Amino acid sequence: MIGDQRYWNPVLEILPQEKIRKLQLKKFKRIFKWGYEKSRFHRSLYEKAGIKPDDIRSLDDIRHVPTVEKSMMRDIQRKEPFPYGDALCVPLDEVSEYHQTSGTTGQPVYQADTWQDWEWWSECWSYILWAQGYRASDRIFLPFGYNVFVAFWAAHYAAEKIGAEIVPGGVLDTQSRVLKIQEIKATAMMATPTYILGMADTAKNKMGIDPASLTISKITCAGESGASIPSTKKRMQDAWGAKVYDHAGATETGAWCYECTEQSGGLHVNDGFFLVEIQDVETGEYIQEPGKIGKMIITAFDRLAQPCIRFDSKDLIMWSPDTCPCGRSFRTIKGGVIGRADDITKVKGVLLAPSAIEEVVRGVKGLGDEFEVIVDKKADIDQITLKVELMPSSENLRDSIHAQLTDQLRLKTNLGYNIEFHDCGTLPRYEIKAKRFKDLRKKISS
Ligand SMILES: [Zn+2]
């Protein structure tokens, strides 16, 4: 019975690493040759770098292949064929799926997929869902806007593929979604951490429904790192009485890593489908050892229409020192996607990652789920303001919460903060990706 299997792919997921590395080299050569032969953009990029498919003989040789950045994709799109441009490797007639990036700044990047690519996307997601315990008996509620963003589209098809029942919660508002979960007794759902917490808040405070009393037993997160931040994960798990799992993916890359039911603090990279490299942001060196943060360069081996070959994702990740008890041989990254290379900023000369602030705020009892961080300059001195929501029941703990926040933030980030308390429900709410970190110094300089 397939439902009894521990792994979605019982061969690939436990293949010894040396065999995986051989497979990765073979698959990299194949996709590199494909891009070189089929796309004008890739051919010209590689010719300029003086590298041809036959030059790739080892995994080290791959590092000579130039990386591709998002800004380059925007330039490509000004060329034919419309709207994808000349990174396209197949005739337009073969494109069956359109999606676009959801970034808040600049022109979106359009992403083409063939039907075969789309099958690949749902296969990537099948690894994720299976590893997180989804089976044919699940009834999965999907509270996301089915639109131009790739978000959970492929998760929808993967859920069908593994035989689960999928309930599309597209245009419903939050209250209707909670009622639908209650009505149909859904067992699982997927959303951003922000929305998972927002939904719980609506259920509890506007509808008088305790989300933990509903039938949701597992939740898969995407879009933000919350499900890998222990205090945020705990808040979500406590609110819903469910296991909460992380995964990472992007429009340009596909869904490339996933947490398993062991919840070991690491996410498995799907090494059979992707080559993940970590590069030191300052020195450009490649990082093999665990515990050192760098940006991810990623290749998707099997995506053909608009391939992802050494894409500079700007996602910050690090290798985990631990192996996961689940037995998968796929490598793990610790703490999921820690941040974006663009978001890491220097305040008073200290490197600050927004996720470190989130970990502290979500770990303090008596605060609401929302918060906001504003970095500004006053008389040439950097200032950080942290706005938090104080629960009405914790009004008498204001001073001790203030002291806890100050100590914890100093410990985790080496910086001091102006802490502002706001009433519950007054800070901005977000439905998709939250924008809680604002660096006003950047606006002034740009
Ligand atoms: Zn595992």
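Me: Which helix holds K38, and what are its residue numbers?
Reply: This is a predicted model. K38 has its place in a helix that covers residues 17-38. That helix is α1.

Me: Is K38 buried or exposed, or partly exposed?
Reply: Buried means under 20% relative accessible area, and exposed means over 50%. K38 has a relative accessible area of 44%, so K38 falls in between and is partly exposed.

Me: Which residues does K38 touch, leaving out those up to four places away in sequence?
Reply: A contact needs heavy atoms within 4.5 Å. With residues up to four places away in sequence not counted, K38 touches L88 and C89.

Me: How far apart in space are K38 and P91, C-alpha to C-alpha?
Reply: In sequence, 53 residues separate K38 and P91. In space, C-alpha to C-alpha, the distance is 9.9 Å.

Me: Which residues coordinate the zinc ion?
Reply: The donor atoms sit at 2.1 to 2.3 Å from the zinc ion.

Me: What is the geometry of the zinc ion's site?
Reply: Four donors count as tetrahedral if all angles lie between 85 and 135 degrees. The angles among the four donor atoms here are 99 to 123°. Therefore the site is tetrahedral.

Me: How many residues apart are C260 and C324?
Reply: C260 lies in the loop between β9 (254-258) and β10 (266-269). C324 lies in the loop between β13 (311-317) and β14 (332-334). The pair links distant parts of the chain, and the separation is 64 residues.

Me: How many disulfides does a search of the whole structure find?
Reply: A disulfide is a covalent bond between the sulfur atoms of two cysteines. The sulfur atoms must lie within 2.5 Å. C221 is in no disulfide, with the nearest cysteine sulfur, that of C257, 13 Å away. Across the whole structure, the number found is zero.

Me: Is Q77 buried or exposed?
Reply: Q77 lies in the loop between α3 (70-76) and β1 (95-100). Residues that Q77 touches include P83, Y84 and Y110. Buried means under 20% relative accessible area. Q77 has 9%, so Q77 is buried.

Me: What is the volume of the largest cavity?
Reply: The count comes to one cavity of 30 Å³ or more. Among the residues that line the largest cavity are F41, H42, E252 and F311. The volume of the largest cavity is about 100 Å³.

Notes:
Residues are numbered from 1 along each chain as its sequence is written. This is a predicted model: local features need pLDDT of at least 70, side-chain atom pairs count only at pLDDT 80 or more; totals for chains, interfaces and linings use all residues. Side-chain values use heavy atoms; hydrogens and water are left out. Donors are N, O and S atoms within 2.8 Å of the metal (3.2 Å for Na, K and Ca); water is not among the atoms, so sites may look incomplete. Four donors count as tetrahedral if all angles lie between 85 and 135 degrees; four count as square planar and six as octahedral if opposite donors are over 155 degrees apart and all others between 65 and 115; anything else is irregular. Helices (H or I, at least four residues) and strands (E, at least two) are DSSP runs, numbered from the N terminus. Buried means under 20% relative accessible area, exposed over 50%, partly exposed in between (1.4 Å probe, protein chains only). On a 1 Å grid over the protein atoms alone, a cavity is a set of points where a 1.4 Å probe fits but cannot get out, and a pocket is an open set with protein on both sides within 12 Å along at least five of seven lines; lining residues have an atom within 4 Å of a point. Grid points are joined across faces, edges and corners, and a volume is the space filled by probe spheres set on the points.
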